[in-house]
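Please read the following briefing alongside the sequence and the coordinates.

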Amino acid sequence: MKKIFLLLLIAPFLGVATAQTAWDGLQFSQNFYGGTARFTAMGGAFAALGGDFSSLSVNPAGIGVFRSWDIMFTPSVSYNITDAKYIGETNSDSYSSFGFDNIGLVFDIFDSDALRFNLGIGYNKLNHYIDRTSAYGVNNNNSYAAAIAMATDGIETSVLNGNDAWDQANWASVLGWDTWLLEEDGASNKYIAATQNYSLTGTPVHGGPLKQSYYKETSGNTNEFVFCFGGNLHDQFYFGMNIGIQNIWREIYESFTEQAVNPTDFHVGFNRFIHESEVETRGIGCNIKLGILWRPVEGLRWGAYFHTPTWMYLTDKYRQYMHTWFNATASAPRADYSAESPEGVYDYKVTTPFKWGTGLAYIFNNMAIISVEYEGLNYASTRMSGYDGHRYTKLPYSGSETNYRFVDDYTKDNFGLVTNLRVGAELRLNPVSIRAGFAHYGSPLKNNSNFSSNIISLGLGYDGGSFYIDGAYSGALGSDRDYTLYEGSPVMTANSYLGKVAVTLGFRF
């Protein structure tokens, strides 16, 4: 597996309380479509097919293919398995969640021999944030606490002791100072960590081996509430428009623990400490999607669509905690200290890229289907700002300001145009259907294919006329990816697998 390098996986710990980065804008801009089991099983390649509720979030012209009232819902189970290697130790962790990928209703409002109009109401899942990663190892060379001390250098102790410390210094420094993880090293505005010892050269040195543990858990999803209008003319030309209202929710919990193998290695009797961070993001977004679908000859279908940007209005709520333990002595009988930050709240806006796509499908005598689809978007056009559109905004409780011009410049320099390809097939053995699909989502990084995603899928369906049931399985295997957990840390290599099982129950009348 090829490897990529991401700098400072837990950078928010060492910097400001939280920071809306270009990577946040990227994650909220990406869609790995979910939905009905048939849509999932065929890789989402429905731009030229339609007739499935989840296709309305891609090409709304698909609503014109419906010939009856249709109501359906899709419960699903998603799971993540991550293998992480850190300082020679390998650990595997997993996470699963239950939810609904789709609930929808399609009905006609006008029907004649030449023209038909349909409406669709419901929601489809566009993205699922699910990850649990844990890593551990014994570090003989450096420490996370020392990285906090280095990040604190230059901050006056009066600031750390002041009532406005949370607003003037990074939170890790304030928490470390309040829990005796940090102390002055004798020089002006210089600090030494409890995991370090003084030296004759005046530069703190690593005290001794430390058991390090890292844990991260991500949960959440992006759902799109669909309000779709469209129809068909002579069952040859199909059209549709979709107003999408997105609901975004993501929670990230991270912790980093260091524990002394032998507390006597450290001048202050350091035992262990844990630093925790919680960030919850919630918000809404809106967009408009337009699409057409044409059947020039029997069996052949061509479709095309265009999506406006999604304008997302998001709010982050964040908090950090630290707890430090020391071996009690006669002169220092207290053995543990705790501190927590205030709750920070920050509002910001993400504008996702335009999106366009086209597809071809062929239906072989109503016995088999093959469908291919191309989709394009340019992640370099992702933009972030405050709610008011300003690019220069002060973060509450942070001691710094966010210049979104720098964020946008990073986006333009590092992200680019991507090509997404989806292929689906269906074999109809009435009343049973066998389905398979493949989806390739291009890497948003320029000249780096390691962030691409490949998803394979399989499924079965039973069509009883007025009742149908479909099942699907999809899985995506990622490449090895390298991360540093703090400045100067050993590299952690992680590989994640994301799988999903979905079942759709539907009724026609």
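Is Trp180 buried or exposed? Trp180 is exposed, with a relative accessible area of 52%, where buried means under 20% relative accessible area, exposed over 50%, and partly exposed in between, computed with a 1.4 Å probe on protein chains only. This is a predicted model, in which local features need pLDDT of at least 70 and side-chain atom pairs count only at pLDDT 80 or more, while totals for chains, interfaces and linings use all residues. Residues are numbered from 1 along each chain as its sequence is written, and side-chain values use heavy atoms, with hydrogens and water left out.

**Backbone features**

- Trp180 is found in the loop between helix H7 (171–178) and strand E5 (182–184), helices (H or I, at least four residues) and strands (E, at least two) being DSSP runs numbered from the N terminus.
- The phi angle of Trp180 is near 65°, which is a positive value in a residue other than glycine.
- Ile87 likewise has a positive phi, near 50°, in a residue other than glycine, and is placed in the loop between E2 and strand E3 (89–111).
- With 32% relative accessibility, Ile87 counts as partly exposed.
- Asn430 and Pro431 are joined by a cis peptide bond with an omega of about 5°, and Pro431 has its place in the loop between E21 and E22.

**Salt bridges**

- Side chains of opposite charge can pair when their charged atoms come close.
- Searching the whole structure gives 20 salt bridges, each defined as a side-chain nitrogen of Lys or Arg within 4 Å of a carboxyl oxygen of Asp or Glu.
- One of these salt bridges brings together the side chains of Arg250 and Asp24, at 3.1 Å from N to O; this pair links distant parts of the chain, with Arg250 in strand E10 (residues 237–260) and Asp24 in helix H2 (residues 22–29), 226 residues apart.
- Arg250 is buried, at a relative accessible area of 4%, and Asp24 is buried as well, at 14%.
- A further salt bridge is formed by Glu373 and Arg422, whose closest N and O atoms are 2.6 Å apart; because Glu373 lies in strand E17 (residues 368–378) and Arg422 in strand E21 (residues 417–429), the pair ties together parts that are 49 residues apart in sequence.
- Glu373 is buried, with 4% relative accessible area, and Arg422 counts as buried at 1% relative accessibility.
- Asp470 and Arg435 form a salt bridge in which the closest N and O atoms are 3.0 Å apart, linking distant parts of the chain, since Asp470 is in strand E24 (residues 467–477) and Arg435 in strand E22 (residues 432–441), 35 residues apart.- Asp470 and Arg435 are both buried, and salt bridges that share partners join Arg38, Glu426, Arg428, Arg435 and Asp470 into one network.

**Cavities and a pocket**

- The whole structure holds three cavities of 30 Å³ or more; on a 1 Å grid over the protein atoms alone, a cavity is a set of points where a 1.4 Å probe fits but cannot get out, a pocket is an open set with protein on both sides within 12 Å along at least five of seven lines, and lining residues have an atom within 4 Å of a point.
- The largest cavity has a volume of about 120 Å³, where grid points are joined across faces, edges and corners and a volume is the space filled by probe spheres set on the points.
- Lining the largest cavity are 16 residues, of which Asn31, Gln246, Thr310, Thr352 and Lys355 lie nearest its centre, while H2 and strand E11 (270–294) each supply at least two residues of this lining.
- The lining of the largest cavity divides into five nonpolar, nine polar and two charged residues, with Ala, Val, Leu, Ile, Met, Phe, Trp, Tyr, Cys and Pro counted as nonpolar, Asp, Glu, Lys and Arg as charged, and the others, Gly among them, as polar.
- The second largest pocket contains about 940 Å³ of space, and of the 37 residues that line it, the closest to its centre are Arg38, Gly51, Val65, Arg428 and Arg508.
- The largest share of the lining of the second largest pocket, three residues, comes from E23, and by class this lining has eleven nonpolar, twelve polar and 14 charged residues.

**Surroundings of His128**

- His128 is found in strand E4 (residues 115–139), and its side chain makes polar contacts with the side chains of Ser78, at 3.2 Å, and Ser97, at 3.3 Å.
- A polar contact is a pair of N or O atoms within 3.5 Å; within protein, one must be able to donate a hydrogen and the other to accept it, and residues adjacent in sequence count only if both atoms are side-chain atoms.
- Leaving aside residues up to four places away in sequence, His128 touches Ser78, Ser97, Gly220 and Asn221, contact meaning heavy atoms within 4.5 Å.
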